[in-house]
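Please read it with the coordinates open.

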Amino acid sequence: MKGFYEEGQPAVLIKNLTREFGRGLFAVDNLDLEIKKGEIFALLGPNGAGKTTSIKMLSCLLRPTAGTAEVFGRDIIKNPGEVKKIINVSPQETAVSLNLNARENLVLMGKVYGLSQKMARKQAEKHLEIMDLKTRAGEPVKRFSGGMLRRLNLAMALVSNPKVLFLDEPTIGLDAKSRRSLWKLIDSFRGEKTVLLTTHYLEEADALSDRLGIIDKGKLVALGTSEELKRKLAGLQTMKVRGDNLNPELIQILREIYPEVIPFEGGLEIKGEKIIFDEVVDLLRSKGVRINWLSMEEPSLDEIYLKITGGGKQNEIA
Amino acid sequence: MKLLSLTGRNLKEGFRDPIVVILSVAQPVFYLILFNSIARSDPAAPDIFDLAYFIPGIILFCFGLLTLFMGLLLARDRQRAFLTRLLVSPLRTIDFVLSYLLALIPMALFQVAACLITGLILGLALNWGVLFSLIVFIPLAVSCTALGIVSGSLFSENAAPAIGSLFVVVITFLGGVWMDLGILGGLFERIAYLLPFAHAVDAGRLLFQGASLGEIGIQLAWVYGYGILFVFIGVASFRWKTRP
Ligand SMILES: Nc1ncnc2c1ncn2[C@@H]1O[C@H](COP(=O)(O)OP(=O)(O)OP(=O)(O)O)[C@@H](O)[C@H]1O
Ligand SMILES: [Mg+2]
């Protein structure tokens, strides 16, 4: 670590990072970002937003056309050899050796990063276990299902025990159960490893990340914790009530408290920055309303995302 | 350590498929048997059907197949992102290129052994020249593999095998494997002798017929000179294609 990094500095420091493909196509446009040590940071964005291009630059695979970044104080342009020692990447495309079995793939990755045979074996077994691949570990991976390949793809980035992990859509193509278990795994890195992950799944970013950034057309358009973003950008909570005797007097009173009160057949929709549940229920009861059904909705990251990426949401977003 | 594990991986990835091994060994052995049977049934068959004449050519054919497989392996690794993963690691270009080259050496030795053993069974006279011929065949195998690296670096997974097949045809013609270069005529012959393949086959033929190493000095110079050049081009094209 000596000479590169001082405690308290960001683990990943991105400065005006830019990549232009051909004239005028800015895949990544002046990206500025700091990721703290031990933080899990999610980069969200629609197709073609520049997520993979950013990861490629950070992992020294692609030269920025302007700007640079530091990983634990090591410059990705001036010092790629030092950066490569402490990072690993789980690429968006599944990158495994198909004629090798899962164990061989993992041991190979360990050794490529300089682990001894014994240590590489140990790490391989550990990650086969974690990824639930142990029973199939001896089979050529070309026989694996898509989900199994994805899990192996991620495991191959973990065996070298990197300080910084770049995960490009780590859970794409996984079923709900595998996804949850990978979330648990990634969650366990918090504080230990610095993780930059990209995803299209808003709930994933919401559930996993300490902070998240939304990138659109190469530019960072929002940054903060998911709570902050919800508060700053979406704002309104929604309460829906169905019941009998929802009278105009009541609606009038509610309108004085909340900015939007919209009646519908047999019910009401109330929107406000902060809806106090008890207050509304007490009011309804005191005006003789019988409540049949009631729901509260927090502003969703979905809404925010759609709002700021201009509805460019693709089908694949869950 | 790193280099050897990657070499092992390339060997497994390239040749774990039995079909590949069968193609690269059984096919040349079949040609040996076929040509030998022609020579036996027709006593007036030209020299080219003679075992000592034919085997070095067939070994060149074998190595042409290595170019093809090497190209395919590398093009696939490039396109299917496996190489991306390795390029993120602290490996250097030279590690990559060496790991691919070294992986094909056992395969080349296996091919040479299969051809020689078949030859001996069919009646090839065993002499020191036959044993010393590795001094020509190893740099020839390295040359062909290095050209495979060039093809795998520059061409796609779909194009590399086609290029490889074309390469096999071209080098075996220019190496004088299927017919005497004299028949092909002046221009072809001149081109052929500007490249290392005909020199390598000639050196093999001379050794098999009992020539000493001293007598093939010129051919060796061509083969080794080109070997170094091809490895250099292999490294350069790999580096060019994988630069950030
Ligand atoms: N090698 C390249 N040459 C030209 N353009 C490229 C290249 N790589 C990426 N791009 C362009 O850069 C932009 C960003 O691509 P990138 O792969 O970073 O998007 P992404 O956010 O990862 O998208 P997705 O969610 O679909 O994976 C796209 O317009 C893409 O076409
Ligand atoms: Mg991407």
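1. Ground rules. This is a predicted model: local features need pLDDT of at least 70, side-chain atom pairs count only at pLDDT 80 or more, and totals for chains, interfaces and linings use all residues. Residues are numbered from 1 along each chain as its sequence is written, chains are lettered from A and ligands numbered from 1 in the order written, and side-chain values use heavy atoms, with hydrogens and water left out.

2. Chain A overall. Chain A has 11 helices and 14 strands (DSSP runs numbered from the N terminus: helices H or I, at least four residues; strands E, at least two). Its C-alpha atoms fill a box of roughly 75 × 45 × 40 Å along the principal axes. Of its 318 residues, 53% are buried (under 20% relative accessible area, 1.4 Å probe, protein chains only). Take the contacts (heavy atoms within 4.5 Å) between residues of chain A at least 6 apart in sequence: 67% join residues at least 24 apart.

3. Ligand 1, the shell. There are 14 residues around ligand 1, and G48(A), K51(A), T52(A), T53(A) and H200(A) come nearest (a residue counts if one of its heavy atoms lies within 4 Å). β2 (25-35) and α1 (51-58) of chain A each supply at least two shell residues. α1(A) gives the most, with three.

4. Ligand 1, polar pairs. Oxygen atoms of the ligand lie 2.8 Å from a polar backbone atom of G48(A), 2.7 Å from a side-chain N or O atom of K51(A) and 2.9 Å from a polar side-chain atom of Q92(A). Taken alone, ligand 1 exposes 640 Å², and the protein buries 62% of that (Shrake-Rupley method, 1.4 Å probe).

5. The interface. On chain B, 22 residues are in contact with 34 residues of chain A. The two chains bury about 2,400 Å² between them, 62% of it on carbon and sulfur atoms (accessible area lost on being put together, 1.4 Å probe, summed over both parts). R85(B), V88(B) and P244(B) lose the most area on the chain B side, together 31% of what that side buries.

6. S97(A). Where does S97(A) sit? S97(A) is in the chain A loop between β6 (87-90) and α3 (102-112). S97(A) has a relative accessible area of 1%, so it counts as buried. Leaving aside neighbours within four places in sequence, S97(A) is in contact with N105(A), V141(A), R9(B), E13(B) and F82(B). The side chains of S97(A) and R9(B) are joined by a polar contact of 2.8 Å (N or O atoms within 3.5 Å; within protein, one able to donate a hydrogen and the other to accept it, and residues adjacent in sequence count only if both atoms are side-chain atoms).

Key
Buried < 20%, exposed > 50% of the residue type's maximum accessible area, 1.4 Å probe, protein only.
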